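I opened a new page for this entry.

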Amino acid sequence: MPTENFDVIALGELLIDFTENGLSGQGNPLFEANPGGAPCNVLAMLRKLGRRSMFVGKVGQDMFGDMLAETIQEAGICTGGLVRDPEVRTTLAFVKKLPNGDRDFSFYRNPGADMMLTEEEVPEDLAHCRIFHFGTLSMTHEGVRRATCKAVSLAKNGGALVSFDPNLRPPLWADLAQAREQIAWGLGRCDILKIADNELEFMTGETDFDKGAAVLREKYPNIRLLNVTAGPEGSYSYYEDKRVFVPACKLGGVIETTGAGDTFCACVLNFVLDHGLDGLSEGDLRDMLRFANAAAYLVTTKKGAIRSMPERAQVEAIL
């Protein structure tokens with residue numbers, strides 16, 4: 001399918017997030033199988049905002065792969081780039097909520113189907129999308145890393161904007177030095193960056209967001225729009241000589257935070273599709289962050305991600 005019909009194409013992991021959902025009658029923990037994976041979470045929110053999207057990645061030829069393929073199709077995401085692996089099973093992640101509200105991940109991915117995507121399976125016509133989005137779970141192993149590099153190259157050569165979210169998951173890396181190296185590769189090739197507070201510190205050693213952002217902007221002048229998410233505190237945007245902060249929505253009812261950052265990222269990409277990356281004012285950036293923060297908050301009031309994305313009207317209602 002020709003990708004010139006798509007606003008955003010994302011490449012990476014599509015998996016099952018098993019999230020805690022109470023206890024059984026015997027007192028055993030119950031886990032709910034929620035379709036997820038950062039790139040498809042982003043695309044699912046973009047579809048809620050009326051954008052045309054396609055996913056590139058791989059799942060197993062198994063019951064979970066069937067579930068994921070059906071889910072993203074129901075969400076309106078084009079499955080033209082989805083590949084099925086007859087031998088390697090779909091990747092699973094078990095998500096435990098910690099007392100401080102953060103999450104602990106246990107991955108079943110050694111190997112998992114998402115890391116088996118090859119260069120040959122990346123669509124050649126990917127060059128014609130408006131924005132290409134990726135993260136680092138597709139860079140943890142050599143084969144899928146080559147596929148990711150090819151996709152980024154095709155997108156850039158075709159004139160697409162490149163969006164990057166490090167989405168650091170330490171358990172998936174052989175060592176963190178390799179993670180830092182691959183994140184640096186992504187930083188050097190993106191136009192739009194969404195980075196979490198812990199990832200900013202990981203890459204710069206700075207806990208002060210302004211200082212950390214300054215380090216990245218000096219080292220990677222290709223980054224035109226840099227957004228830092230700070231969880232319950234809010235989010236920051238750095239663009240040209242501008243710096244804008246918008247506090248998070250704190251209306252209560254938070255259940256778990258899976259997909260919040262991806263929802264935020266999708267809203268930023270939707271803003272860029274509407275406004276471009278030239279001549280943005282502080283007011284523009286503030287409006288962008290307000291909408292993205294509100295949407296991210298709404299996702300935290302439900303379990304899962306792909307099937308929990310809010311409608312535009314729901315976001316506007318709490319603004």
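Entry 1. I noted that the model is predicted. I began with a network of salt bridges that links D7, R52 and R130. For R130 and D7, I found the side chains in a salt bridge at 3.3 Å, N to O. The two are 123 residues apart, with D7 in the segment before strand 1 and R130 in the loop between strand 7 (103-108) and strand 8 (131-135). I then looked up accessibility: D7 is buried at 3%, whereas R130 is partly exposed at 40%.

Entry 2. I looked up the total and got 17 salt bridges. One of them joins the side chains of E311 and K48 at 2.8 Å, N to O. K48 is in helix 1 and E311 in the loop between helix 8 and helix 9 (312-318), so this pair ties together parts 263 residues apart in sequence. I found E311 partly exposed at 37% and K48 partly exposed at 31%.

Entry 3. I also looked up K150 and E124, whose side chains form a salt bridge at 2.7 Å, N to O. Helix 3 (residues 142-157) holds K150 and the loop between strand 7 and strand 8 holds E124, so parts 26 residues apart in sequence are tied together. E124 is exposed, at 53%.

Entry 4. I turned to the cores. The largest nonpolar core has 53 residues, and L14, F55, I72, L225 and L269 have the most contacts inside it. Among the elements that give two or more residues to this core are strand 2 (15-23), helix 2 (63-74) and helix 7 (260-275). Helix 8 gives the most, 11 residues. I found a second, separate core of 47 residues, which includes L154, I183, M203 and L226.

How values were computed. Residues numbered from 1 in each chain as written. Predicted model: local features only at pLDDT ≥ 70, side-chain atom pairs only at ≥ 80, totals over all residues. Heavy atoms only, no water. Core = buried A, V, L, I, M, F, W, Y, C linked by side-chain atoms within 4.5 Å. Buried < 20%, exposed > 50% of the residue type's maximum accessible area, 1.4 Å probe, protein only. Helix = DSSP H or I, 4+ residues; strand = E, 2+ residues; numbered from the N terminus. Salt bridge = Lys/Arg side-chain N within 4 Å of Asp/Glu carboxyl O.
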